[in-house]
Amino acid sequence: MLRHNSFLSDSQHGFVKGRSCTTQLLQAVDKLSEIIDQGGSVDLIYLDFSKAFDSVPHQRLLLKLESYGVGGYVLGWIRSFLTARLQKVAVGGALSSWVEVLSGVPQGSVLGPVLFVCYINDMPDTIASFVFMYADDAKVGRNINCDADRTELQMDLDKLGEWSAKWQLRFNEDKCKVMHLGKVNGNLNYNMQTRRGSTYLLQESCVEKDLGIWIDRALKFSEHVAHAASKANQILGLIRRSFTYIDMPLMKQLYTSLVRPHLEYGNVVWHQFLKKRY
C-alpha cells in the first residue's frame, strides 16, 4: 500500500520490492561518476545510525504510521505487535526485574524491517542534497563547486542532526565519515551534532566499504578486487586444508557455494551473462 501510493522515499532501496544493495550502489556510482567525469567534485557523507533497529520509539513509530494513513484494525494490530513486550538482563547468574520494552522493531520478523523503513522514510525530505539509502545505511552528497555549496551541505547535516534528535535515532559518531571525490576537491571540513548537542568534526576517509563494495575517492575498484581475491583465496586455502581428497563434483560444489559468491557480488554484468547463457 505504501509503495502503491508513492509514500516510500525514492532514495530507499532496503526491503523494497525490486530494489537491493546492487540497485543502490549502481545509482550512487552512476551519480558520482557523472559529476566527476564533468570535472566536478563531490563531498560524500557516510552516515551510520547507532543501534538503529533497537532505537525506534514505539509511540513515535505509531504516530508516523497514522500520518501515512494506517489506521483502524491494522494500526491496532501493529500496536499489539510492538507493545506489551518485557525483557530482563542476566549478569553472572543474577537476573534483573522485568521491564517494558519501549523501543525497537523485532528483528528476525517480516514486519520489523518494513516498520523501520516507514520510520526513516521522511529523512531524505528534510534536506536538499542527494541521498542514497539501504535501510539504516545512508550516504548524503553534493556537487561542491564553491564555498556556498559547502555551506549548503553543512546546513543539510545540521538538519539531519535536528531530525535525529527529534525522532531519537542517534548517529554513531565514530562511523560517520566524509569522503572527498574529484581531482580538484578542496577537502573541506564538516561537522555533525553529538548526542549531547555539541558538534564534532567528521573524519576523512579515502576508502569505504559500502554495502559490501570497497569504494575509494577515485571511484576505482582495485581495492575491492584485492579484497575479494584475498577472501576467495583464504576460503580456497581452508578447503584444501580441510579435505585430504576432493573429487571434481565436490570441488565444484564447494567453489560454487563458498568461493564464487565473494567474486560475483555486485557484478551485474556477470549475472546478466549467466542469465542469458543458462
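Analyst: A228, A229, K231, A232, I235, L236 and I239 in α7 meet M251, L254, Y255, L258, V259, H262 and L263 in α8, where a contact means heavy atoms within 4.5 Å. Sorted by class, this meeting place holds 12 nonpolar residues, one polar and one charged. Here Ala, Val, Leu, Ile, Met, Phe, Trp, Tyr, Cys and Pro count as nonpolar, Asp, Glu, Lys and Arg as charged, and the others, Gly among them, as polar.

A word on the source: this is a predicted model, in which local features need pLDDT of at least 70 and side-chain atom pairs count only at pLDDT 80 or more, while totals for chains, interfaces and linings use all residues. Residues are numbered from 1 along each chain as its sequence is written, and side-chain values use heavy atoms, with hydrogens and water left out.

Now for the geometry. Helix α7 covers residues 222–242 and helix α8 residues 248–264; their axes come within 8 Å and cross at roughly 155 degrees. Axes are lines fitted to C-alpha atoms, for helices over the stretch in contact, and angles run from 0 to 180 degrees between N-to-C directions. The two helices α7 and α8 are therefore roughly antiparallel, a label for angles over 145 degrees. Their crossing is right-handed: the near helix is turned clockwise from the far one by less than a right angle.

Stepping back, the protein chain has nine helices and 13 strands, which are DSSP runs (helices H or I, at least four residues; strands E, at least two) numbered from the N terminus. Its C-alpha trace spans about 60 × 55 × 45 Å along the principal axes.

Methods. Parallel < 35°, antiparallel > 145°, perpendicular 65-115°, else oblique.
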